[in-house]
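This report walks through one structure, element by element. Please keep the sequence and the 3D view open while reading.

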Amino acid sequence: MLNRRNFIQLAGLSSALLSVKNISAGPAVSKGPIVLSTWAQNMNANKAAWEVLSKGGKALDAVEAGVMIPEADPHDVSVGYGGLPDRDGKVTLDACIMNEKGQCGAVMALEHIMHPIQVARLVMEQTPHVQLVGEGALQFALSKGFKMENLLTPESEKAWKEWLKTSKYDPLTIPKILEKNNEPLPYPWPVAMLNHDTIGMIALDADGNLSGACTTSGMAYKMRGRVGDSPIIGAGLFVDNEVGAAASTGVGEEVVKVCGSHTVVEMMRQGKSPEAACKEAVRRIVKNNGINAKTVQVGFIALNKKGEYGCYSVMQKFTMAIRSQKKEESITSQSWFK
Ligand code: SD4
């Protein structure tokens, strides 16, 4: 299995190739189905989505199956099982899903359920609502036959107890660490690094339909009850089947403030390439944060109806995983701050 360092190195290589290609060939494009995910390590998740897409399956089923991989992976400390808890030691999950008809569902601050994305899909398909939160979301999940599980692994509990010694909530230290070490960080990663593995996945199927999913345990050691961008339609995820789809990762508060993924899709509607559309959302985040912008990491991924795709981030080292008929790779995003 590739470790994070290998992924990042691979990403660096691909990025060099891609940037050369982009100069002459315009936006990267895929003919036929394609799936994109935030972060290189989600190539595994793309693989599960590709199982569905390559057989002519629906983008909606593909993204659901795809994001269930990190949800069940105890080593992914930003999603589902093994996700780092809030400051009170509770693992609380945020997820949303959106289909080609503009239908969507979300759960926020859901506890004890391994696959929040499945619950989000049921909110979309079987309730008159779009969002269920906390206790109500849990009751709904249990009524649909989901089992309560302990999602706090011994490793994440240990990390939380270690964090309690200082209790300093500091999502903004990651970029500082990354800047200092111009190298991929060795495992085990510093806790601050662990805030950036949320999966946002968007896909185009063989019928030309788009769907997306986003799932996370949110920022590590957040306040109890805090909800980020990931389960918010228009922030962590947005799909408009006439235009394209987008998803985000990073400091959710900043994404919410600019309706990030919706902004990206609207920019594509106005004719921008996926990368340029992501860049415009990033520009607004940078503008909002003034001199502190360099301490905020946010990354966007985007895909349009033609199969063109791209990404862009505030800080360096954001990566995107791609799977299509021709490609299984990860690329490193262009970033506002070099
Ligand atoms: C949040 N956007 O809750 C998420 C955090 C994230 O990888 O992306 N983690 O704000």
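Helix 9, which spans residues 260-269, is mostly covered, with 8 of its 10 residues buried. Here a residue counts as buried if 20 or more other C-beta atoms lie within 10 Å of its own, as exposed if 12 or fewer do, and as partly exposed in between, the C-beta atoms being placed from the backbone. Helices (H or I, at least four residues) and strands (E, at least two) are DSSP runs, numbered from the N terminus. This is a predicted model, in which local features need pLDDT of at least 70 and side-chain atom pairs count only at pLDDT 80 or more, while totals for chains, interfaces and linings use all residues. Residues are numbered from 1 along each chain as its sequence is written.

The buried residues of helix 9 are Gly260, Ser261, Thr263, Val264, Val265, Glu266, Met267 and Met268. The buried residues of this helix pack against strand 8 (237-240), strand 9 (244-250), helix 8 (252-257), helix 10 (274-289) and strand 10 (298-304), where two residues are in contact if their C-beta atoms, placed from the backbone, lie within 7 Å. Just after helix 9, Gly271 takes a positive phi of about 105°.

## Overall composition

The protein chain contains 10 helices and 14 strands, and buried residues make up 55% of its 338 residues. Among the contacts in the protein chain with a separation of 6 or more, 66% are accounted for by residues 24 or more positions apart.

An open sheet is formed by 8 strands in the order 5-4-3-7-6-2-12-13, with mixed pairing; two strands pair if DSSP finds at least two bridges between them. The edge strands, each of which pairs on one side only, are strand 5 (131-133) and strand 13 (328-332). Neighbouring strands of this sheet are turned by 10° against each other on average, direction ignored. For such values, axes are lines fitted to C-alpha atoms, for helices over the stretch in contact, and angles run from 0 to 180 degrees between N-to-C directions.

Strand 4 (residues 104-110) and strand 5 pair in the parallel sense over 3 bridges, and Val107 has Leu132 of strand 5 as its bridge partner. Helix 4 packs on the sheet, where it touches strand 3 (93-98), strand 4, strand 5 and strand 7, and its direction makes about 135° with that of strand 4.

In strand 6 (residues 199-204), 6 of 6 residues are buried. Ile199, Met201 and Ala203 point one way from the strand, whereas Gly200, Ile202 and Leu204 point the other way. In a regular strand the side chains alternate between the two faces of the sheet.

Strand 2 (residues 34-38) is joined to strand 6 by 4 bridges, and the two run antiparallel; Met201 in strand 6 is the bridge partner of Ser37. Strand 6 is also joined to strand 7 (residues 210-216) by 6 bridges, again in antiparallel fashion, with Gly200 opposite Cys214. The hairpin of strand 6 and strand 7 has 5 residues between the strands, and in this hairpin Gly208 takes a positive phi near 85°.

## Helix 3 against helix 4

Helix 3 (residues 59-72) and helix 4 (residues 116-126) pack at an angle of about 145°, with their axes 8 Å apart. The contact is made by Glu64, Val67, Met68 and Glu71 of helix 3 together with Pro116, Ile117, Gln118 and Arg121 of helix 4.

## Nonpolar cores

A nonpolar core is a set of buried Ala, Val, Leu, Ile, Met, Phe, Trp, Tyr and Cys residues joined through C-beta atoms within 7 Å. Of the 96 residues in the largest one, Leu36, Ala49, Met201, Ala203 and Ala302 touch the most other members, and helix 3 gives the most to this core, with 8 residues. Apart from it lies another core, of 6 residues, among them Val77, Leu84, Met219 and Ala220.

Cys259, in the loop between helix 8 and helix 9, has a positive phi of about 45° although it is not a glycine. Cys259 is partly exposed, with 19 other C-beta atoms within 10 Å. Lys317, in the loop between strand 11 (308-313) and strand 12 (319-324), has a positive phi near 80°, and is buried because 21 other C-beta atoms lie within 10 Å.
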